[in-house]
Amino acid sequence: MLEKVLIVEDEVHARSGLTELIESWGYRAECAADGMEGLEKAVSWAPAIVVTDLKMPRMDGMELLSRIGELPQKMAVVMLTAQGSIESAVDAMRLGAYDYIPKPVDPHRLKTILHNASRQREADAELEAEGRQQRDTGVLGPMVGSSPQMVEIFSMIERIAPSNVSVLVTGESGTGKELVARALHDLSARRLKPFVAVNCAAIPETLIESEIFGHEKGAFTGALERRAGCFELAEEGTLLLDEIGEMPMATQAKLLRVLEDRKLRRLGSKIETPVDVRVVAATNKDPEKAVSNGDLRGDLYYRLNVFNIQMPPLRDHLMDVSAIAEKMIDDMNERHHCTVAGLKDSLMNRLEGYQWPGNVRELRNTIERAVILAGSGMLGIEHLPPHFGEPGFAPPPNRVGGMETILVSQEASFEDGQRRLDESNSVRVEVGTTVDEAERQLILKTLVATHNNKTKAAEILGISSKTLQNKLKEYSNASVTE
């Protein structure tokens with residue numbers, strides 16, 4: 001059966017034109033001259049989608065949206081907004097609107113929105129049943145937890161996942177902000193399309209615009225071919241912009257325009273390309289302080305912060321440690337081909353009594369180390385790092401396979417790095433160390449051996465000085481965010 005679409009518009013020609021256009025796309029369309037008539041038809045005709053103007057006599061679009069939200073049947077509401085009323089559109093999305101589109105209406109964009117809304121309805125029943133089953137077991141997509149904090153977050157994710165609304169995820173480093181973005185993606189109609197995550201802090205400032213928006217051949221020195229950016233790679237899917245506060249101001253301005261117009265222009269291109277991407281942003285900073293400090297544009301913050309999901313530190317919901325650890329064991333068994341069965345009570349008591357300054361990321365590193373060491377059977381206290389949980393225990397920013405990761409920023413004293421590293425010119429890599437971690441140790445050890453002579457270190461390592469600088473910047477960012 002064809003989806004039913006109700007058009008609520010007080011301007012006669014716009015109303016008839018939209019009705020004919022939407023019918024030509026294969027929908028069943030009805031129209032209403034104002035919000036009051038629109039509400040009556042919404043009750044009697046029960047459309048799947050309502051396309052309504054914002055400013056109308058008798059009952060405006062906001063009140064219509066609110067009244068439709070009280071009806072037993074769920075309807076996707078698309079708001080038509082005049083130019084310059086983006087703030088009203090954002091307010092409408094906070095109240096539950098599916099999406100908005102500015103006037104004059106772009107037919108391609110409207111068609112895409114209706115298609116997505118229709119596709120979402122097809123998935124809602126399946127997702128609702130699946131979500132109900134997962135909630136009963138304290139699981140939502142890749143996330144685990146039955147504490148009041150996590151239950152509240154799960155509920156919010158379920159409410160906002162079906163829409164196209166932007167979401168800002170905040171919280172300390174390691175609390176699972178990317179998992180929130182993945183859950184929002186997996187519980188939406190976009191779940192079969194790409195999920196693309198980009199860390200704005202890890203990309204050099206000179207390359208970030210190209211990485212996100214793409215570039216044409218010859219757009220700058222070294223642009224030897226056309227390249228699609230993250231927006232295009234995430235087409236019809238979800239794009240996570242992690243550490244949004246680290247994005248340069250000029251790039252933030254371009255991002256804001258893409259979010260509002262749903263069109264982007266690659267570097268070096270004169271053509272704007274429509275994009276259909278849901279954006280989720282994340283930061284471990286206080287976004288309001290970032291705005292006041294000049295690190296984040298206020299208008300971009302307002303546009304992204306339609307909904308804010310604040311991830312709690314793990315120390316505030318220690319009752320979830322057991323369930324999270326069990327889920328991690330399953331993941332690590334598969335990754336490392338182990339057969340660990342679970343955790344001993346003594347180990348669980350130790351884990352639940354620890355404050356986890358590194359949050360879920362630190363727990364994951366601890367469990368991964370333990371699984372690799374044990375290989376099979378039950379995990380016990382003997383598989384924890386030495387002195388774990390004892391008074392004065394201060395874990396390094398990251399532990400892989402029991403080996404400490406020493407993070408030295410470009411500005412940090414390399415004399416301190418030399419003091420902490422072995423005085424020999426060898427690099428010890430234990431079983432369980434990742435390739436990235438081994439590379440990091442080799443680079444830092446070489447810098448110590450060359451007394452921080454980056455040119456000489458690059459020659460020894462067989463890489464360019466630029467590559468070395470990028471690696472050091474990456475390590476510096478990691479040390480700050482851990």
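Biologist: Buried means under 20% relative accessible area, exposed over 50%, and partly exposed in between (1.4 Å probe, protein chains only). With that in mind, is Ser147 buried or exposed?

Modeller: Ser147 is buried, at a relative accessible area of 0%. Before we go on, this is a predicted model, where local features need pLDDT of at least 70, side-chain atom pairs count only at pLDDT 80 or more, and totals for chains, interfaces and linings use all residues. Residues are numbered from 1 along each chain as its sequence is written, and side-chain values use heavy atoms, with hydrogens and water left out.

Biologist: OK. Where does Ser147 sit, and what does its side chain make a polar contact with?

Modeller: Ser147 is in the loop between β7 and α6; helices (H or I, at least four residues) and strands (E, at least two) are DSSP runs, numbered from the N terminus. Its side chain makes a polar contact with the side chain of Asp320, at 2.5 Å. A polar contact is a pair of N or O atoms within 3.5 Å; within protein, one must be able to donate a hydrogen and the other to accept it, and residues adjacent in sequence count only if both atoms are side-chain atoms. If we skip neighbours within four places in sequence, Ser147 is in contact (heavy atoms within 4.5 Å) with His317, Met319 and Asp320.

Biologist: What about helix α13, which of its residues are buried?

Modeller: Val321, Ile324, Ala325, Met328, Ile329, Met332 and Asn333 are. An α-helix has 3.6 residues a turn, so residues three or four places apart point the same way. The buried residues of α13 pack against β7, β15, α14, α15 and β16.

Biologist: How far does α13 reach from its first C-alpha to its last?

Modeller: With 16 residues (321–336), α13 reaches 21 Å, close to the 22 Å expected at 1.5 Å a residue. The expected span is 1.5 Å times one less than the number of residues. After α13 comes His337, with a positive phi near 60°.

Biologist: Switching topic: how many residues has the largest nonpolar core?

Modeller: It has 48, and those with the most contacts inside it include Met143, Val167 and Ile309. Helix α6 (148–160) gives the largest share, five residues. A nonpolar core is a set of buried Ala, Val, Leu, Ile, Met, Phe, Trp, Tyr and Cys residues joined through side-chain atoms within 4.5 Å.

Biologist: And the open sheet, what's the strand order?

Modeller: β2-β1-β3-β4-β5, five strands with parallel pairing. Two strands pair if DSSP finds at least two bridges between them. The edge strands, β2 and β5, each pair on one side only. β1 and β2 are joined by five bridges, and Lys4 stands opposite Arg28 in β2.

Biologist: Which strands does α1 lie across?

Modeller: β1, β2 and β4, with α1 running at about 170° to β2. Helix α2 touches β1 and β2, and its direction makes about 145° with that of β2. Axes are lines fitted to C-alpha atoms, for helices over the stretch in contact, and angles run from 0 to 180 degrees between N-to-C directions.
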